[in-house]
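Subject: Structure for you to look at

Hello,

Here is the structure I said I would pass on. My notes follow it.

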Amino acid sequence: MSESNKQGLGGLRNRIDEIDSDILRLISERAECARQVAETKTASDPDAVFYRPEREAQVLRRVMEMNQGPLDSEEMARLFREIMSACLALEQPIKVAYLGPEGTFTQQASLKHFGDSAISLPMAAIDEVFREVEAGAVNYGVVPVENSTEGVINHTLDSFMDSSLHICGEVVLRIHHHLLVSDTTLKDKVSRIYSHPQSFAQCRKWLDAHFPHAERVPVSSNAEAARMVKSEWHSAAIAGDMAAKLYGLKHLAEKIEDRPDNSTRFLIIGNQQVPMSGTDKTSLVVAMRNQPGALHDLLEPFHRHQIDLTRLETRPSRTGVWNYVFFIDFAGHVDEPRVAALLEEVRLRASELKVLGSYPQGVL
Ligand SMILES: C=C(O[C@@H]1C=C(C(=O)O)C=C[C@H]1O)C(=O)O
């Protein structure tokens, strides 16, 4: 390396050191502000909720709007996500239950939403996540609700029917599946593949083309699949990066999902009713009497008030009262007058109406 290059490099490193000192000072100042916010919240209400999903969504959206590169906006928002997570942990460490075991995509979604400073606890089933939040053992829960390839996760929708919890947020995660093996396994020795049935469905064509003769063994989660192949030299697992890292597995093939836009939407559940963030969604469950035109009657006010439906699901009712049960998501917040007017009308036409929550549209 030439002398002038060395000096150039030294100069750049000095500049980076100076910038890091500034970043350090500013992050500490920010953390101090967040701590003071906590004091102010507690002074006016001893049971104050520290975590404010609408405020966090606004902070992240602002960062993404202001960012001018060279880092891309998502990357920048992820960094700020971690700063906020650490600041919030200073106020009050947040406890989150997610559909486990460790290494699942739901854990990844929880990390994406709450950052690394939240304490996250794996649960064995979706209804356990609901129960832990209801019992107050944790502050929030994270459950999957729909996948772009495979559709809705009925278990989650059904859990809402008997629950008083609110939806406080959503996270959308791009799902990349990999074919994972332990260190010593060779491609032509794989005779068995473990995964969750949803993941098999999302990789069906790829498997038919590349491993038509391997036995496909469904297990309770991708992370469980990864755990099993650790000790089986003739087996592979379909799972994501978190599971691969957790069990130290090698990638035999990457991104084997049939659709490149394969993504899963997760919901954050809690006891909180979240104020408006500016770009929000609302979820409802509505029961209609079993009569001709019921669905038309239900949807007509949405059309008239020009409210954007983002999802409509039908579930069979489990009681006499809920004849036809619809799960509806739309753009807007219950505190907006046009949404309040819409809900008044829907309430008159429905036999039951439950607002599951208004929450910020997923930012990251
Ligand atoms: C600082 C606050 O509390 C928490 C921390 C936030 C942050 O670090 O920016 C944002 C929202 C809250 O989850 C606040 O309410 O403003």
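In the protein chain, 75% of the contacts with a separation of 6 or more are between residues 24 or more positions apart. The model is a predicted one. The chain has 364 residues, of which 36% count as buried, and its secondary structure comes to 12 helices and 15 strands. Along the principal axes, the C-alpha atoms fill a box of roughly 80 × 60 × 35 Å.

The ligand

Around the ligand are Ala34, Val37, Phe50, Tyr51, Arg52, Arg55, Glu56, Val59, Met84, Cys87, Leu88 and Glu91. Eight of these shell residues are nonpolar and four are charged, with no polar ones. At least two residues of the shell come from each of H1 (3-44), H2 (53-66) and H3 (73-91). H3 gives the largest share, four residues.

The loop between H2 and H3 holds proline 70, and the peptide bond joining glycine 69 to proline 70 is cis, with omega about 5°. A cis bond also links glycine 100 to proline 101, where omega is near 0°. Proline 101 sits in the loop between E1 and H4 (105-114).

The buried residues of H5 (126-134) include Ile126, Val129, Phe130, Glu132 and Val133. Viewed down the helix axis, the buried residues of H5 fall within an arc of 165°, so they line one face of the helix. Among the elements covering them are strands E1 (95-99), E2 (119-123), E3 (140-147) and E11 (263-270), along with helix H6 (154-161). Just after H5, glycine 136 has a positive phi of about 80°.

H9 (222-229) is largely enclosed by the rest of the structure, because six of its eight residues are buried. Those residues are Asn222, Ala223, Ala225, Ala226, Arg227 and Val229. Their cover includes strands E6 (178-181), E7 (192-195) and E9 (235-239), and helices H7 (197-202) and H10 (241-246).

Serine 235 belongs to E9. With 23 other C-beta atoms within 10 Å, serine 235 is buried. Leaving aside residues up to four places away in sequence, serine 235 touches Val190, Arg192, Ile193, Tyr194, Met228 and Val229. Histidine 251 is 16 residues from serine 235 along the chain, and their C-alpha atoms are 13 Å apart.

Helices H11 and H12

What is the angle at which H11 (294-304) and H12 (337-349) pack? The angle is about 170°, and the axes are 10 Å apart. Since angles over 145 degrees count as roughly antiparallel, that is the description for H11 and H12. On the H11 side the contact is made by Asp297, Leu298, Pro301 and Phe302, and on the H12 side by Leu342, Glu345, Val346 and Arg349. By class, the contact has five nonpolar residues, three charged and no polar.

Two residues to check by eye are lysine 255 and glutamine 306. Lysine 255 is not a glycine, yet its phi is positive, at about 50°. It lies in the loop between E10 (250-253) and E11. Lysine 255 counts as partly exposed, having 15 C-beta neighbours inside 10 Å. For glutamine 306, in the loop between H11 and E13 (309-316), phi is near 55°. Glutamine 306 is exposed, with 8 other C-beta atoms within 10 Å.

Regards

Notes:
Residues numbered from 1 in each chain as written. Predicted model: local features only at pLDDT ≥ 70, side-chain atom pairs only at ≥ 80, totals over all residues. Axes fitted to C-alpha atoms, helices over the stretch in contact; angles between N-to-C directions. Parallel < 35°, antiparallel > 145°, perpendicular 65-115°, else oblique. Contact = placed C-beta atoms within 7 Å. Nonpolar A, V, L, I, M, F, W, Y, C, P; charged D, E, K, R; others polar. Near = placed C-beta within 6 Å. Buried ≥ 20, exposed ≤ 12 C-beta atoms within 10 Å, placed from the backbone. Arc of directions from axis to C-beta.
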